[in-house]
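Work through these exercises with the model open. Try each task before you read its solution.

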Amino acid sequence: MKDAAIALALTEGVRAASETLLMDATNPWELDAAMVAHGFTVGVCEAQDLEGLDVGLARRAGPQAGTNERTIPILPRMVSEGRLGRSVGVGWYRYPGGGGLVIDPLVEDLLREEAWFAGVTRQDLDDAVLVERVIMGMTQPALALLAQGAEHARIDQISIDALGFPPGSGGVLSHVAFLGQARVTRCFERMSWPARCLQQTQANLGLFFGAENQISSGR
């Protein structure tokens, strides 16, 4: 499996998780700050601004789209309003004069308005929960990729190189192995995934830990 395909799948998992969090609980700067404090080299919203929100929106409708079946209208609205990212000076953040990012309070107003339109009661989540859900969003496609034959080490390295996963963790799958199957299962159950997605991801998790146990037994 090509590295680009792995990076794309992981990116889509993170995008789906972050869109859910922005709709239900947080804003771009709080989410990014939580991720960077945890050890990520870049926050998800800053990364999306660098790529271009229109690029992410186009990919959302493609074959690598994430597993979140909720219709979350935030990204389409951002793009329709011309908030395409750093290249145009405004996205999740503003980039006055083409310089560094600054917080844009209008984005938080937009998030709260869309939540109100959708009947969503926003909740306060602490930083640890925000980061957990982003990581689980990445874990779901990582396990699927592994089940499809991608190499554990390549997935880990790409999660670090392409998505800024905390380098000291060893990568997303190494982090999952460190957490343990029971803890990751509980994390999965807190995600707002469709039932069949949750079942398949739990099955892939079982395969992952079965393989890990075989490796450990053979040492």
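Contact here means heavy atoms within 4.5 Å. The model is predicted.

**Exercise 1.** Find which residues of α7 and α8 meet, and work out how the two helices are oriented.

*Solution.*
1. Locate α7 at residues 127-147 and α8 at residues 152-161.
2. Take the geometry: the helices pack at an angle of about 150°, and their axes are 10 Å apart.
3. Angles over 145 degrees count as roughly antiparallel, so α7 is roughly antiparallel to α8.
4. The crossing of α7 past α8 is right-handed.
5. List the contacts: α7 brings M138, A142, L145 and L146, while α8 brings H152, I155 and S159.
6. Sort these residues by class: 5 are nonpolar, 2 are polar and none is charged.

**Exercise 2.** Work out how α8 and α9 are oriented, and which residues meet.

*Solution.*
1. Locate α9 at residues 172-179.
2. α8 and α9 pack at about 105°, with axes 6 Å apart.
3. Angles of 65 to 115 degrees count as roughly perpendicular, so α8 and α9 are roughly perpendicular to each other.
4. From α8 come H152, I155, D156 and S159; from α9 come V172, L173 and S174.
5. This contact has 3 nonpolar, 3 polar and 1 charged residues.

**Exercise 3.** Describe the largest pocket and its lining.

*Solution.*
1. Start with volume: about 290 Å³.
2. Count the lining: 21 residues, with T11, V44, A47, Q48 and L163 closest to the centre.
3. Trace the helices: α1 (3-24), α3 (44-51) and α4 (53-60) each supply at least two lining residues.
4. Class the lining: 13 nonpolar, 5 polar and 3 charged residues.

Definitions and conventions:
Residues are numbered from 1 along each chain as its sequence is written. This is a predicted model: local features need pLDDT of at least 70, side-chain atom pairs count only at pLDDT 80 or more; totals for chains, interfaces and linings use all residues. Side-chain values use heavy atoms; hydrogens and water are left out. Axes are lines fitted to C-alpha atoms, for helices over the stretch in contact, and angles run from 0 to 180 degrees between N-to-C directions. Helices (H or I, at least four residues) and strands (E, at least two) are DSSP runs, numbered from the N terminus. Angles under 35 degrees count as roughly parallel, over 145 as roughly antiparallel, 65 to 115 as roughly perpendicular and the rest as oblique. A crossing is left-handed if the near helix is turned anticlockwise from the far one by less than a right angle, and right-handed if clockwise. Ala, Val, Leu, Ile, Met, Phe, Trp, Tyr, Cys and Pro count as nonpolar, Asp, Glu, Lys and Arg as charged, and the others, Gly among them, as polar. On a 1 Å grid over the protein atoms alone, a cavity is a set of points where a 1.4 Å probe fits but cannot get out, and a pocket is an open set with protein on both sides within 12 Å along at least five of seven lines; lining residues have an atom within 4 Å of a point. Grid points are joined across faces, edges and corners, and a volume is the space filled by probe spheres set on the points.
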